[in-house]
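Have the viewer open and follow along.

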Amino acid sequence: MEDHRRQPRERGGDDSAVPPQEGEARDAYAAGLGRQRAKKRVGDQQEQKEDGGERSSHGGRIIANRGKMAEALNPERGEDMPERIKRVMVVTAHPDDSEFGAGGTVAKLTREGKTVTYCILTNGNKGSGDRSMTPERLVKIREEEQKNAASVLGVDTVDFLGFPDCELENTRETRMAVTAAMRRHKPDLIICQNPNRTKNLGGSHRDHRAAAGITLDCVYPLARDHMAFPELMAQGLEPHRVKEVHMMWWDNPEVVVDTTDTMDLKIKALQCHVSQLPDLAAMEKRVRDRGALLGKPKGYAYAETFDRIVIER
């Protein structure tokens, strides 16, 4: 697994993400955002055969059950994750945030052959109640846990940016670091956290909100504009246009992803974060209960939910 590392300073950790607050999910396109459909394919191009669920390895990624993302986004209308989405970057504040918020979705994307990269903004060195733990030890532990979890889900690359936990700010330094990651990996789709404060305090940790704000600022306009961060151009990091953003969202979300067939993988990935989860059985129950709640309005056993920004069609 590649590791594009930013030199860490004395950085901080996190309390692990808490599953989202209750909210009834609605049709991904009911609000009109994303109501434009991808052109319908004809003939054999319209169908993709599944491989019967058998796993194989390709380029370090897990490829299995190449089912359509149509089943995740909107099975009633048969809408598919467009062919234009080939590369995905998940940008989150802390190690374990990606698995809590989008682990099932990430597993579906890698099963479809899409390349998924993680960008983790903080190094997690404050995320422990163990009085004998040191920040330096915890950084190494959490990085290893995150790499293992990413591997379970089929993610090739994790960028650890190393900013302080509980101190993440939207500054030129953080924006340039995230912009560099976007230009380096060139994602078509960004999955990020929720930029808004909600009653779910764990889900709207200040670092989550800061990470989301930084990410959106980088998507537009900083990653796109060649005169933003000339230092990056000097490094050969050319501008890049992101096509779509999915924000982790729980109150009337626009995208409801059916994660029934990937919930077990999500749980397995979360189990890698041992330093954060002393009671794995309680974690599993909590995650399954929340996934069931989010999936219920659509008739899914489990789901993850997002709001969607389409930048380019």
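## Overall make-up

The protein chain holds 8 helices and 9 strands. This is a predicted model. Of the 313 residues in the protein chain, 55% are buried.

Among contacts with a separation of 6 or more, 81% link residues 24 or more positions apart.

## Confidence

## Proline 95

Where does proline 95 sit? Its place is the loop that runs between β3 (87-92) and α2 (97-111). With a relative accessible area of 1%, proline 95 counts as buried, because the cut-off for buried is under 20%.

Cysteine 119 is 24 residues away from proline 95 along the chain, and the C-alpha atoms of the two are separated by 9.5 Å.

## Threonine 174

Now to helix α4, which spans residues 172-185 and includes threonine 174. Is threonine 174 buried or exposed? Its relative accessible area is 2%, so threonine 174 is buried.

The side chain of threonine 174 reaches the backbone nitrogen of threonine 171 at 2.9 Å. Setting aside neighbours within four places in sequence, threonine 174 has contacts with Phe163, Leu168, Glu169 and Ile214.

Methods. Residues are numbered from 1 along each chain as its sequence is written. This is a predicted model: local features need pLDDT of at least 70, side-chain atom pairs count only at pLDDT 80 or more; totals for chains, interfaces and linings use all residues. Side-chain values use heavy atoms; hydrogens and water are left out. Helices (H or I, at least four residues) and strands (E, at least two) are DSSP runs, numbered from the N terminus. Buried means under 20% relative accessible area, exposed over 50%, partly exposed in between (1.4 Å probe, protein chains only). A polar contact is a pair of N or O atoms within 3.5 Å; within protein, one must be able to donate a hydrogen and the other to accept it, and residues adjacent in sequence count only if both atoms are side-chain atoms. Contact means heavy atoms within 4.5 Å.
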